[in-house]
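Dear colleague,

I am writing to hand over the structure shown below. My notes on it follow.

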Amino acid sequence: MISVTSKSIDYAGKNLVSCGCSSNANTVRSYAARVNSKVWGRRGGHGAANFVCCKSRSIQCRVSSMKTAEPTVNGGTDAIQGIPTGLDLKSYSETPISPSKLFEVVADDLQTLNKNLQSIVGAENPVLMSAAEQIFSAGGKRMRPALVFLVSRATAELLGLKDLTVKHRRLAEIIEMIHTASLIHDDVLDESDLRRGKETVHQMFGTRVAVLAGDFMFAQSSWYLANLENIEVIKLISQVIKDFASGEIKQASSLFDCDVELDEYLIKSYYKTASLIAASTKGAAIFSGADRNITEKMFEYGKNLGLSFQVVDDILDFTQSAEQLGKPAGTDLAKGNLTAPVIFALEKEPKLRDIIESEFSETSSLDEAIKLVKSCGGIERAQELAKEKADLAIQSLQCLPPSIFRLALEDMVAYNLQRIA
């Protein structure tokens with residue numbers, strides 16, 4: 001069973017329970033109804049919080065308590081013990097989390113980001129500008145910059161900052177540019193025709209322009225990064241760009257390799273996905289002036305959330321339709337990229353190895369391989385892996401005091417797992 005932490009947080013003296021069996025679940029999950037951030041700032045509210053996990057249509061609940069967090073001399077908090085887990089996402093999915101609702105508390109920040117992205121890319125070359133516009137307008141959720149804003153505001157609140165700094169906002173824009181550049185290059189390497197249901201940049205403008213557009217955006221983001229003049233963040237984000245290349249090399253060198261191990265898959269997933277998210281969340285905390293304990297916890301949150309997201313995406317590649325995915329189902333497997341569900345299934349089904357090592361030379365062999373992955377428990381074990389990383393992400397947030405921003409960060413973890421609930 002997949003589960004994730006549920007919350008009952010004492011905001012300004014009011015106990016708020018997130019519970020699948022509550023008739024007021026939608027009201028409780030409304031950020032505006034739960035707390036006004038200014039009230040939270042005035043009243044403090046660092047009292048102990050109770051966490052309640054409930055199953056829908058059932059009286060059974062499990063309650064655990066959490067120790068009060070004490071501020072450190074640098075403005076951070078000590079790690080909180082007694083972290084609870086156990087929310088049944090199958091019941092929780094009765095009131096699903098939508099990305100738009102999830103990012104409501106930073107909607108103004110994201111609106112400003114959207115306005116700035118085009119001007120940041122620059123208009124020196126109309127073709128490159130058109131290529132960037134193609135992917136910026138492809139319907140992305142802006143998850144990475146939203147995480148920057150959420151962590152920025154959660155840690156700024158912790159340290160008593162009244163608003164975000166220019167560096168917080170610039171970091172979010174840089175992160176989205178780097179992510180966009182990586183998508184353009186990924187589509188070229190994967191020879192993908194569609195991205196979120198739209199034609200990819202290389203399909204519209206050709207491979208040469210796509211590669212140059214990605215390179216240009218990497219270079220432009222690096223220039224803005226240097227102008228932040230924070231050596232720790234510069235090193236952090238520069239490592240991400242290196243990680244992207246390392247991830248692609250690792251993937252290319254292990255295609256159709258049925259001996260690939262889970263640890264290798266996780267390293268590749270970190271390089272390709274989690275590295276940028278971890279850098280986003282840690283960088284945001286650094287610009288808030290948080291102490292090292294907090295910044296490292298934010299890095300761990302981003303890393304484990306990113307790994308969980310990648311595992312979930314790899315599961316969906318087997319469980320969703322081509323229409324839902326915006327690309328053919330089983331695309332990764334067809335290209336020899338063996339993900340968590342396949343790695344787990346290979347441990348139980350020798351026939352799957354034969355099919356993969358033949359590189360699907362026989363008609364319908366890909367469909368047979370997909371059926372074997374599903375029938376051998378590969379999906380279920382991958383779900384447990386996604387949940388394991390999600391739990392670690394939740395634990396990393398316990399260093400932050402309760403706030404609407406921390407709650408949104410927790411809900412991000414739930415939203416990810418809900419995709420496979």
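Does F360 count as buried or exposed? At 14% relative accessibility, F360 counts as buried (under 20% relative accessible area is buried, over 50% exposed and anything in between partly exposed, with a 1.4 Å probe and protein chains only).

Please note that this is a predicted model, in which local features need pLDDT of at least 70 and side-chain atom pairs count only at pLDDT 80 or more, while totals for chains, interfaces and linings use all residues. Residues are numbered from 1 along each chain as its sequence is written, and side-chain values use heavy atoms, without hydrogens and water.

F360 is not a glycine, yet has a positive phi of about 55°; its place is the loop between α18 (350-357) and α19 (365-375). Helices here are DSSP runs (H or I, at least four residues), numbered from the N terminus. E229 also has a positive phi, near 55°, and lies in the loop between α11 (207-226) and α12 (231-252). E229 is exposed, with a relative accessible area of 68%.

Helices α14 (residues 292-319) and α21 (residues 404-418) have axes that come within 9 Å and cross at roughly 15° (lines fitted to C-alpha atoms over the stretch in contact, with angles from 0 to 180 degrees between N-to-C directions). That makes α14 roughly parallel to α21, a term for angles under 35 degrees.

Yours sincerely

Definitions and conventions. Helices (H or I, at least four residues) and strands (E, at least two) are DSSP runs, numbered from the N terminus. Angles under 35 degrees count as roughly parallel, over 145 as roughly antiparallel, 65 to 115 as roughly perpendicular and the rest as oblique.
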